Amino acid sequence: LAAAVILVAAGSGQRLGYGMPKAAVPLGGEPILMHALRGIVASGIASQVCVALPAGDQGLRRLCDDFREELADGGPLLTLVDGGSTRADSVRAGIAGLMEGIEAVLVHDAARALTPESVFHRVSDALAAGADAVIPVLPVVDTIKTVSTTAGDSTAVAPEVVTGTARREELRAVQTPQGFTINTLLQAHQAAQAMDQEQAAAVTDDAMLVEVLGTPVYAVRGSTQSLKITTPLDLIFAEGLLEGPLG
Ligand code: C5P
């Protein structure tokens, strides 16, 4: 399958607290985005990498332009688009930037910059084997509960009350890259555009849009190295991984 990776890197990175887009935050002396790009290229699964950058960010644009020069002949086509105000908008901008003939798309968070090659391969192998949608997952170690807020209830003794406990054996933590046939991804994101603001705000990954279509979403094994760098603690973990991967 002719595959592309849409790398979404247009987030603000506010939770990391560096006062710059997360993709630009240094990790092991290089911007997070560079690690993400190198990982994708090393996996060899993509003929195109389309990066959604914060609109107007010249620094990250220049970084990508320099990286393009580094790419060997026969490497993927590297294209840049302006991201949007939500992650889904950034993915849609990426879809619009895909070249003709792309049959499969892996949507990947730049924040999961240390994703091992093996995960890209498991996702792309499942697509090649006939899946329309495939996500990398890990078992959950914590017990996960649902809660509802008690804010505004003057009799409440705490800010939240538990409403239920999901069976842990059935739960999975979901990572990226998430892989889709091009038609499945297009349909999923077209459907999403009809959502109201509240529904749109609840969309945290692409697979949930595919689930709504009724298309089966398959799960393959993810990796603890694919952690999503979100908080300062995650950055410490990521720095540690660079010094000695868990294998
Ligand atoms: O903010 P969140 O944790 O959902 O971000 C996940 C990924 O989506 C990050 O790599 C971030 O750069 C990207 N993103 C984006 N455009 C946005 C928001 C997030 O590309 N508007």
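Pro177 sits in the loop that links strand S10 (172-174) to strand S11 (178-181). Strands here are DSSP runs of E with at least two residues, helices are runs of H or I with at least four, and both are numbered from the N terminus. A cis peptide bond connects Thr176 to Pro177, with omega about 10°. For context, most peptide bonds are trans.

The model is predicted: local features need pLDDT of at least 70, side-chain atom pairs count only at pLDDT 80 or more, and totals for chains, interfaces and linings use all residues. Residue numbers start from 1 along each chain as its sequence is written.

Now the overall fold. The protein has eight helices and 12 strands. Its C-alpha trace spans about 65 × 40 × 35 Å along the principal axes.

Buried residues account for 39% of the 247. A residue is buried with 20 or more other C-beta atoms within 10 Å of its own, exposed with 12 or fewer, and partly exposed in between; C-beta atoms are placed from the backbone. Among contacts with a separation of 6 or more, 72% join residues 24 or more positions apart. Contact means that two such C-beta atoms lie within 7 Å.

Next, a helix pair. The axes of helix H1 (residues 32-43) and helix H2 (residues 58-70) come within 11 Å and cross at roughly 35°. Axes are lines fitted to C-alpha atoms over the stretch in contact, with angles from 0 to 180 degrees between N-to-C directions. The crossing is right-handed: the near helix is turned clockwise from the far one by less than a right angle. H1 contributes Leu33, Met34 and Leu37, and H2 contributes Leu60, Leu63 and Phe67.

Strand S9 (residues 160-165) holds Gly164. Gly164 is exposed, with 9 other C-beta atoms within 10 Å. Gly164 touches Lys145 and Thr146, leaving aside residues up to four places away in sequence. Lys145 is 19 residues from Gly164 in sequence, yet their C-alpha atoms are 5.6 Å apart.

Finally, the ligand. Of the 17 residues around it, Val8, Ala10, Gly11, Ser90 and Asp109 come nearest. A residue belongs to this shell if its C-beta atom, placed from the backbone, lies within 6 Å of the molecule.
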